[in-house]
Amino acid sequence: MATVQLYLDHGIRLISAAAFMRMTPALVYYRIKGIHQTPDGQIIAPNKIIAKVSRIEIARQFFSPPPQKIVTLLEQKQLITRQEADLSRHIPMAQDLTAEADSGGHTDNRPALTLLPTMIALKNQFMEQYRYPSDLCVGLAGGIATPESAAAAFGMGAAYILTGSINQSCVEAGISPEVKELLCQAEQADVAMAPAADMFEIGARVQVLKRGTLFALRAEKLYQLYRAYDSFANIPKAAQQEIETKFLQTDFETAWQATRDFFVSRKMPGQIDKAESDAKHKMALVFRSYLGRSSQWAIQGNAQRKMDYQIWCGPAMGAFNLWAQNSFLAGPENRRTADLALNLLFGACVITRAMFLQTQGIALPMGAASVFPMEKDRILALAGATS
Ligand SMILES: Cc1cc2nc3c(=O)[nH]c(=O)nc-3n(C[C@H](O)[C@H](O)[C@H](O)COP(=O)(O)O)c2cc1C
């Protein structure tokens, strides 16, 4: 609620909502606040949400009007007016929705080829059912890294595309130069699922780079031990020793004190109290501190912790590297996010046109449907635009 209030105070009109399991009062409040009707009957909702989802049941909630139960609650709390509550029945929670297929970071590993058509069918069904004043719109994320994959996404009906993994190897990314080099060497199979720091106990996972780091293996070991034992003291001695010497690089109690200090600084005494009376929870917090710090080590480029780098990355990275090999985009120094995006979009146009011709029965010479990395100015010149 505090975050949403900040957005409203600053007039933020468009937000991305990802990893939601259900609609929350905060999200509904953001979407409804300020909704009004013009004299000619048009309904204007000034705050827009782009949802990012990988599951149908969540997509349904975003394509539906705000849930009545939450709307009533907000009205009772006088956060919204009766008129705002009434008008909210005519709008979807999100006008735009990104279907997220197998990707870097948090992912359900859904295949894009099956996920996107399902989401588009759902969109059509909701437009039919609710007759919203504006069209719903579905974009695609996950695995998009080459002109071919971008063309495929648009060919299947995506309204827009979104990349993640490849952006992290770009000049603008905040990750250390050492990690960008690792990312540029990655092949498609160099990724693995590993336990996530934020939802460690429930077994949530993130997709990470496995080449050049032992993070995925080590984090998995911690998760399996957490599941099997009630306390760190009950873990077999050899495993205890490995964790203390290699993973934590200090003894368990010292690691706990540092973890405890972290929760004190975050003003979260509840976590400390629980851990001090529940040895399994204490173990979870210490293990999670390793997982959390492993991302920081990768960002900082901490050389002593190279083997523990947690680097979110999906198979898109390897696909991009193969496409960009032997070109000016092979290393991280020339990878600029906007130039990568321009290459994918321009390449997708060329490939789509080539496919039109092929489906008309025209045989294209070998390589005519291939697009290789190009400098921005060259693309703009070819497209008849100026920079
Ligand atoms: C390093 C990294 C950090 C990310 N952080 C977020 C995030 O904070 N919020 C979010 O919604 N998605 C996040 N994502 C997911 C991306 O926004 C995007 O949906 C996904 O990476 C697309 O799939 P791709 O990795 O195959 O390109 C992240 C992805 C990566 C690789």
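Helices α9 and α13 are roughly antiparallel to each other (an angle over 145 degrees), because they pack at an angle of about 170°. Helix α9 covers residues 215–228 and helix α13 covers residues 279–300, with their axes 10 Å apart. Helices here are DSSP runs of H or I with at least four residues, numbered from the N terminus. Axes are lines fitted to C-alpha atoms over the stretch in contact, and angles run from 0 to 180 degrees between N-to-C directions. On the α9 side the contact is made by Phe215, Ala219, Leu222 and Tyr226, and on the α13 side by Met283, Ala284, Phe287, Tyr290, Leu291 and Ser294. Two residues are in contact if their C-beta atoms, placed from the backbone, lie within 7 Å. By class, this contact has 9 nonpolar residues, 1 polar and no charged. Ala, Val, Leu, Ile, Met, Phe, Trp, Tyr, Cys and Pro count as nonpolar, Asp, Glu, Lys and Arg as charged, and the others, Gly among them, as polar.

The model is predicted: local features need pLDDT of at least 70 and side-chain atom pairs count only at pLDDT 80 or more, while totals for chains, interfaces and linings use all residues. Residues are numbered from 1 along each chain as its sequence is written.

The protein chain is divided into domain 1 (2–142) and domain 2 (187–308), with bounds from an automatic or database domain assignment. Taken over C-alpha atoms, the centres of domain 1 and domain 2 are 35 Å apart.

Helix α1 (residues 2–9) and helix α2 (residues 25–32) have axes that come within 9 Å and cross at roughly 15°. That makes α1 roughly parallel to α2 (an angle under 35 degrees). Val4, Tyr7 and Leu8 of α1 meet Ala26, Tyr29 and Tyr30 of α2. This contact of α1 with α2 holds 6 nonpolar residues, with no polar and no charged ones.

Helix α2 also meets helix α4 (residues 68–76); their axes come within 10 Å and cross at roughly 75°. That makes α2 roughly perpendicular to α4 (65 to 115 degrees). Here Pro25, Val28, Tyr29 and Ile32 of α2 meet Ile70, Val71, Leu73 and Leu74 of α4. The contact has 8 nonpolar residues, no polar and no charged.

Finally, the ligand. It is surrounded by 19 residues, of which the closest are Ala18, Ser103, Gly104, Gly164 and Ser165. The shell around the ligand divides into 7 nonpolar, 10 polar and 2 charged residues.

Methods: Helix = DSSP H or I, 4+ residues; strand = E, 2+ residues; numbered from the N terminus. Near = placed C-beta within 6 Å.
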